[in-house]
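Subject: Structure for you to look at

Dear colleague,

Here is the structure I said I would pass on, together with the sequence. Please have it open while you read the notes that follow.

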Amino acid sequence: LFDTKQMKKSVESSLMMLQVLFLLVSIIAFVLAFFLLLVSTRSNIEENIWEFGVLRAIGLTKGEVSRVFIYESFSVIFSAITTGMSVGLITSITLTLQMNLFLELPFEFTFPVLLVCIQLLLALGTTFFGSYLPARSINKHPIASIVRGD
């Protein structure tokens, strides 16, 4: 005989620990992604420093120019999020259906809402700070030195 209550409690406990493991791995990945984004954005701004200076010279404030770079980063992240979630959902549903077909089990799809929300918040925070910090460092230079390339 099986104690189904105890077995269910054990499975739920294991699933919770798995969610915590996924969350820790995603936090580590986002910390690494933050530094990658920081270096990448700094490199992008340094390559386009003349464009930055021209935008400042035509009358955009430091905050507006910083927002241009932040909006650019957010547009890339939003497209990556929608593409990644779409491909991930399609792949997971397809594999789940295939596994259930072989095991002759009914299809049950559970979406990890909490994990996805935490990852979205981490992605948005990483994107903001990863693009704001390099733009802020360029804002400290005068317009003329930026346009000259000093």
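In this predicted model, Ser 66 has a relative accessible area of 5% and is therefore buried, the cut-off being under 20%. Ser 66 is found in helix H3, and, if its neighbours within four places in sequence are left aside, Ser 66 is in contact with Ala 135 and Asn 139.

Helix H3, which covers residues 62–103, also packs against helix H2, residues 49–57, at an angle of about 140° and with the axes 9 Å apart, so the two helices are oblique to each other. The crossing in which H2 passes H3 is right-handed. Where they meet, H2 contributes Phe 52, Leu 55 and Arg 56, while H3 contributes Lys 62, Val 65 and Phe 69; of these contact residues, four are nonpolar, two are charged and none is polar.

As for the aromatic rings, the count comes to seven pairs. One of them is the stacked pair of Phe 74 and Phe 78, with 5.9 Å from centre to centre and 25° between the planes. Both of these residues lie in helix H3, four residues apart, or about one turn of the helix; Phe 74 counts as buried at 17% relative accessibility, whereas Phe 78, at 45%, is partly exposed. Phe 128 and Phe 129 form an edge-to-face pair, with 5.1 Å between centres and 80° between planes, and Phe 128 is partly exposed at 32%, as is Phe 129 at 45%. Finally, ring pairs link Phe 107, Phe 109 and Phe 111 into a cluster.

Definitions and conventions. Residues are numbered from 1 along each chain as its sequence is written. This is a predicted model: local features need pLDDT of at least 70, side-chain atom pairs count only at pLDDT 80 or more; totals for chains, interfaces and linings use all residues. Side-chain values use heavy atoms; hydrogens and water are left out. Axes are lines fitted to C-alpha atoms, for helices over the stretch in contact, and angles run from 0 to 180 degrees between N-to-C directions. Angles under 35 degrees count as roughly parallel, over 145 as roughly antiparallel, 65 to 115 as roughly perpendicular and the rest as oblique. A crossing is left-handed if the near helix is turned anticlockwise from the far one by less than a right angle, and right-handed if clockwise. Contact means heavy atoms within 4.5 Å. Ala, Val, Leu, Ile, Met, Phe, Trp, Tyr, Cys and Pro count as nonpolar, Asp, Glu, Lys and Arg as charged, and the others, Gly among them, as polar. Buried means under 20% relative accessible area, exposed over 50%, partly exposed in between (1.4 Å probe, protein chains only). Rings of Phe, Tyr and Trp (its six-membered ring) pair if their centres lie within 6.5 Å; planes under 30 degrees apart count as stacked, over 60 as edge-to-face and the rest as tilted.
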